[in-house]
Amino acid sequence: MTAFLVRGVKTFGKFWWDFLVGDTPELALATGVIVALAFLIDGERLVGAILLPLLAAAFLLVSTLRGRRRSPGR
Amino acid sequence: MHSTSSTIVLVLAVFGASAVEMVEALTIVVAAGVSRGWRSALEGAAAAAVVLGVLVVVVGVPLVRYIPLDALRVVVGALLLVLGLSWLRKAILRSSGHKDLHDEDKIYAETVAELSETGAESGTPGQGRVHPGRDGVAFVVAFKGVFLEGTEVVLIVISLGAAQHRLGLAALAAAAALVVVAAVGLLVSRQLSEVPENTIKTAVGIMLTSFGLFWVGEGAGVNWPGSDLAIPVLIGFFIVVTLAYTAFMRTKLPAPSPEGSAAA
């Protein structure tokens, strides 16, 4: 019974890990940083509205560059 | 009171996400139906759709009822953000030639071949040899296909629906996409390889990212200028970002090898 439960928890955890982190940990990190920053700049009207989208765009660029096709041998 | 702009984006995002995932699921269901028999394939698909519906009710309703709205918005906003950024990344890599486009024809052919082999092993060989009665393999393959593709849709429905307290509307948009894709699939009786999947995926990625960012900010106390009107502005921003990144990534494609084998 315990082994069954442990296996179930592991499978559940692995599903969420693959789903949210998978091979793009930088996007999970991006989300964490954006959430943290949103709380830090609490109430700052323009700073939040400008900084959060720019940060998301910057992380997206990094992640996209990480996933690019490379020349053979590089 | 819900603003019209966020309602439209909610419906479009859920409908688009569901349509993309259902096109992928349809390919597997059609492959199972053609190679093993339609009855069990359709039963498997229907069973998975019911389980997904139950998941929306079991997980979504308590979320809406018992979790404080601001906390809910931060959590679902973060979930939407990570999903949206990942969809956008994939779509940009595909549009710019760094990643192969999702090929429904190829997936269909592979699934049919696999199922035909399974049939041959169990003494019921080949494509076209359909089972008149129930077939466990067709049921399981169709169930898995619809369930796995639908899990992401369930998360999007719950996230977008719960954050706006419009779970019913989100579920309805997903159900509408399911009905439309299933009807078209049954009508043409094959996989829908002509659907511009990457374009829809790009659009949905932009909407999920915009919504995610908006809800994270709202939940954390950021006052977006224009309130809900910030959502279309964010969508516009990410459209520009996506177009710019796609063009930029095209310049980063590796040169073709001297032997002439195309890199893209």
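At what angle do the axes of helix 7 of chain B and helix 8 of chain B cross, and within what distance do they come? In this predicted model, the two axes cross at roughly 130° and come within 9 Å. Helix 7 of chain B is therefore oblique to helix 8 of chain B, and their crossing is right-handed.

**Packing of helices 7 and 8 of chain B**

- Helix 7 of chain B contributes T202(B), I206(B), M207(B), T209(B), S210(B), F211(B), L213(B) and F214(B) to the contact.
- From helix 8 of chain B, the contact includes A230(B), I231(B), L234(B), I235(B), F238(B), I239(B) and T242(B).
- By class, the residues of this helix 7 to helix 8 contact comprise eleven nonpolar, four polar and no charged.

**Interface between chains A and B**

- The interface brings 33 residues of chain B into contact with 31 residues of chain A.
- On the chain B side, two or more residues are given by each of helix 3 (69-95), helix 7 (197-220) and helix 8 (230-250) of chain B.
- Helix 3 of chain B supplies the largest share of that side, with ten residues.
- The side of chain B that touches chain A consists of 24 nonpolar, seven polar and two charged residues.

**Confidence in chain A**

- Chain A has a mean pLDDT of 86, with 89% of its residues at 70 or more.
- Within chain A, confidence is highest in helix 2 (residues 25-40) of chain A, at a mean of 93, and lowest in helix 1 (residues 2-20) of chain A, at 83.

Note on methods:
Residues are numbered from 1 along each chain as its sequence is written. Chains are lettered from A and ligands numbered from 1 in the order in which they are written. This is a predicted model: local features need pLDDT of at least 70, side-chain atom pairs count only at pLDDT 80 or more; totals for chains, interfaces and linings use all residues. Two residues are in contact if their C-beta atoms, placed from the backbone, lie within 7 Å. Helices (H or I, at least four residues) and strands (E, at least two) are DSSP runs, numbered from the N terminus. Ala, Val, Leu, Ile, Met, Phe, Trp, Tyr, Cys and Pro count as nonpolar, Asp, Glu, Lys and Arg as charged, and the others, Gly among them, as polar. pLDDT is the predictor's confidence in each residue, from 0 to 100. Axes are lines fitted to C-alpha atoms, for helices over the stretch in contact, and angles run from 0 to 180 degrees between N-to-C directions. Angles under 35 degrees count as roughly parallel, over 145 as roughly antiparallel, 65 to 115 as roughly perpendicular and the rest as oblique. A crossing is left-handed if the near helix is turned anticlockwise from the far one by less than a right angle, and right-handed if clockwise.
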